[in-house]
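Let's walk through this structure together, one piece at a time. Have the sequence and the 3D view ready as you read.

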Amino acid sequence: MSKSYWIVVKTPENFSILKQRRFDMVGLTSHHRKKVQRMEPDDRVLIYISYERCFAATAIVTSSMIEDSTPIWQPQGSSSLPFRVGIKPEIVLSKNEYVEAQHIAPRMDYIKRWTPELWHLAFQDTVHLISKADFYLIENEMLRSKTSRKTTHRQNFNHYSNLSGCILDSTSR
């Protein structure tokens with residue numbers, strides 16, 4: 001079967017738990033059983049943080065769904081997120097690198113079902129099947145965000161590195 005591409009929506013609290021667990025598994029609500037059962041190893045996942053409305057990580061599915069009601073995450077609604085899928089992180093952005101969904105959502109095919117001003121309603125549920133094109137659009141923005149932050153930091157560091165007052169620092173330019 002061909003690879004599928006998913007968006008998994010997490011609350012900020014559950015994203016923190018996911019991060020603490022080093023992105024080893026993701027829990028999903030019970031009313032999405034059929035979607036979660038379709039997730040297979042090698043599928044790709046984007047992690048979207050609700051309330052913050054941003055994309056923060058990508059991962060690869062490593063195992064099919066298991067059902068386990070052991071408390072790990074904060075409940076979402078009435079669900080303790082019992083349907084769990086193993087994942088392995090690929091891209092994990094720091095908070096200042098998160099890709100804001102409002103900037104990229106208008107370019108997504110998936111969002112076209114909603115009116116432009118209500119794009120955020122597309123991410124109300126906890127799991128969404130998206131196109132390969134949408135996945136790579138967001139993943140490329142994440143890579144760009146990660147790269148541009150490093151470059152900006154490096155430039156800022158270099159800018160301030162010659163402020164020692166030493167004559168040799170100013171003549172080496």
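Is Glu-139 buried or exposed? With a relative accessible area of 9%, Glu-139 counts as buried, where buried means under 20%, exposed over 50%, and partly exposed in between (1.4 Å probe, protein chains only).

Before going further, a word on what you are looking at. This is a predicted model, in which local features need pLDDT of at least 70 and side-chain atom pairs count only at pLDDT 80 or more, while totals for chains, interfaces and linings use all residues. Residues are numbered from 1 along each chain as its sequence is written, and side-chain values use heavy atoms, leaving out hydrogens and water.

Back to Glu-139, whose side chain meets that of Arg-44 in a salt bridge (2.3 Å, N to O). The term stands for a side-chain nitrogen of Lys or Arg within 4 Å of a carboxyl oxygen of Asp or Glu. This pair links distant parts of the chain, since Glu-139 is in helix H4 (residues 132–160) and Arg-44 in strand E3, 95 residues apart. Helices (H or I, at least four residues) and strands (E, at least two) are DSSP runs, numbered from the N terminus.

Arg-44 is itself buried, at 7% relative accessibility. Another salt bridge joins Arg-44 to Glu-90, with the closest N and O atoms 2.6 Å apart. Because Glu-90 lies in strand E6 (residues 83–92) and Arg-44 in strand E3, the pair ties together parts that are 46 residues apart in sequence. Glu-90 is partly exposed, with a relative accessible area of 38%.

A search of the whole structure finds 10 salt bridges. One of them is between Asp-68 and Arg-84 (3.8 Å, N to O). Asp-68 is in the loop between strand E5 (66–67) and E6, and Arg-84 is in strand E6, 16 residues away. Here Asp-68 is partly exposed at 29%, whereas Arg-84 is buried at 1%.

Now turn to the nonpolar side chains. The largest nonpolar core has 45 residues, and those with the most contacts inside it include Ile-7, Phe-15 and Phe-123. Such a core is a set of buried Ala, Val, Leu, Ile, Met, Phe, Trp, Tyr and Cys residues joined through side-chain atoms within 4.5 Å. Strand E4 (residues 54–61) gives the most to this core, with 6 residues.

Leaving aside neighbours within four places in sequence, Phe-15 is in contact (heavy atoms within 4.5 Å) with residues including Phe-23, Ile-47, Ala-56 and Tyr-98.
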